[in-house]
Amino acid sequence: MSLEPETLKSLVKAAAEKVIASAPELTALDQAIGDGDHGANMKRGFEAVLGKLDVIGSQPLGEAFKTIGKTLVMTVGGASGPLYGSFFLAAGDSLLQSRDLPDDVAEVFACGIGAVRARGRSAPGEKTMLDVLVPVLETLTAAAGKPDLLNRVRETASEAVARTAPMQATKGRASFLGARSIGHIDPGARSSCVLVQAVCDTLEARQ
Amino acid sequence: MSDTVGIVIVSHSQDIAKGTADMVRQMVGSEVKVAFCGGDPGGGLGTNVPLIIEAIDKAWSPKGVAILVDLGGAETNSEMAVEMLQPERRDLVVVCNAPIVEGAVMAATEAAGGGSLEQVRAVAEELSAG
């Protein structure tokens, strides 16, 4: 499917606005098991992305993803900057010079996830954003082309966030808490869920 | 003066970064280039890729630059900053797995003695091994 500049802009705008609106929730989650800056950091990063919306809309898809990635890297401030930034930089690399999405969106998503794993030297099960992104990728692959794809992705993301609560963190600041990180959902998993669901909601509204 | 490995200190707090740099200068002298940064782009506690790149440029030496960091985000942001350097510089910058204050002092001492980038890193990282 091809992605018109206006569609891309509306997706980026919706995702950014949703994350910005979620900042207080993300901060509260991060105060429980991290250093309490995830909401403010994501808000700053995605406000900067909103500021580049016209540039993003004017670029080929791969370049647009790279602009988003670079903006997040340069403005977020916490570890989530390089993590989300690397996701978009790597996804952008896999799309370079194309305005069309490949038939297999999952492939692009997988490239992004590969970069997050490498940047954080982490794997699923460690109470991180990967615990949402990896299940979402599995659903994107399993339900590709199905009419209820968007719903299934949304459900997967919500369920995956909830599943981070009983996990013990072994990466990031939360790992200092050891077993005391158990019982709290992971802020990075939650912000990933917010982004994924905002994209699903916007695509659904345009159908 | 022959070139020595440069030292960059990256803390979440600008005060800690500056204080560490002050200690290095007092203990090792001024023959080693030391740059530091701390704080997120909004001025709060955190780290910040553009400032890290700037600090690497300030401490730049043909022998390379060793970065000392405090907590997780400083390490991730420093690694990201290294990747964003010009390709010919990337291999000449290392992020040391060492405590920030002791690591910076040990690394700068080794650098002042003419140590290579690998030697500087090894001396700093010995602190984490024990």
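Biologist: Which residues does B:Ala107 touch, not counting residues up to four places away in sequence?

Modeller: With those places set aside, B:Ala107 touches B:Ile7, B:Ala66, B:Leu68, B:Cys96, B:Val120, B:Val123 and B:Ala124. Two residues are in contact if their C-beta atoms, placed from the backbone, lie within 7 Å. Residues are numbered from 1 along each chain as its sequence is written, while chains are lettered from A and ligands numbered from 1 in the order in which they are written. This is a predicted model, in which local features need pLDDT of at least 70 and side-chain atom pairs count only at pLDDT 80 or more, whereas totals for chains, interfaces and linings use all residues.

Biologist: What mean pLDDT does chain B have?

Modeller: Chain B has a mean pLDDT of 93, and 98% of its residues reach 70 or more; pLDDT is the predictor's confidence in each residue, from 0 to 100. For the complex, the predictor gives an ipTM of 0.77 and a pTM of 0.88.

Biologist: What pattern does chain B follow along the sequence?

Modeller: The pattern is β-α-β-α-β-α-α-β-α-α, made of six helices and four strands. Helices (H or I, at least four residues) and strands (E, at least two) are DSSP runs, numbered from the N terminus. Chain A, by contrast, has ten helices and zero strands.

Biologist: Why is B:Leu45 called buried?

Modeller: A residue is buried if 20 or more other C-beta atoms lie within 10 Å of its own, exposed if 12 or fewer, and partly exposed in between, with C-beta atoms placed from the backbone. B:Leu45 has 21 other C-beta atoms within 10 Å, and is therefore buried. B:Leu45 sits in the loop between strand 2 (34–38) and helix 2 (49–58) of chain B. Residues up to four places away aside, B:Leu45 touches B:His12, B:Ser13, B:Gly39 and B:Asp40. In chain B, buried residues make up 53% of the 130 residues; in chain A, 50% of the 207 residues count as buried.

Biologist: Is A:Arg121 buried or exposed, and what makes it so?

Modeller: A:Arg121 is exposed, because 11 other C-beta atoms lie within 10 Å. A:Lys127 has 29 other C-beta atoms within 10 Å and is therefore buried. A:Arg121 lies in the loop between helix 7 (105–120) and helix 8 (130–142) of chain A, and A:Lys127 is also found between helix 7 and helix 8.

Biologist: What is the phi of A:Arg121?

Modeller: Phi of A:Arg121 is near 40°, a positive value in a residue other than glycine. Phi of A:Lys127 is also positive, near 65°. Most residues other than glycine have a negative phi.

Biologist: What makes a set of residues a nonpolar core?

Modeller: The set must hold buried Ala, Val, Leu, Ile, Met, Phe, Trp, Tyr and Cys residues joined through C-beta atoms within 7 Å. The largest such core has 97 residues, and those with the most contacts inside it include B:Ile7, B:Ala66, B:Leu68 and B:Ala107. Helix 6 (residues 80–95) of chain A contributes the largest share of this core, eight residues. Of the 16 residues of that helix, 14 are buried.

Biologist: How do you know whether the length of helix 6 of chain A is close to the expected span?

Modeller: The expected span is 1.5 Å times one less than the number of residues. Helix 6 of chain A, with 16 residues, reaches 22 Å from its first C-alpha to its last, close to the 22 Å expected.
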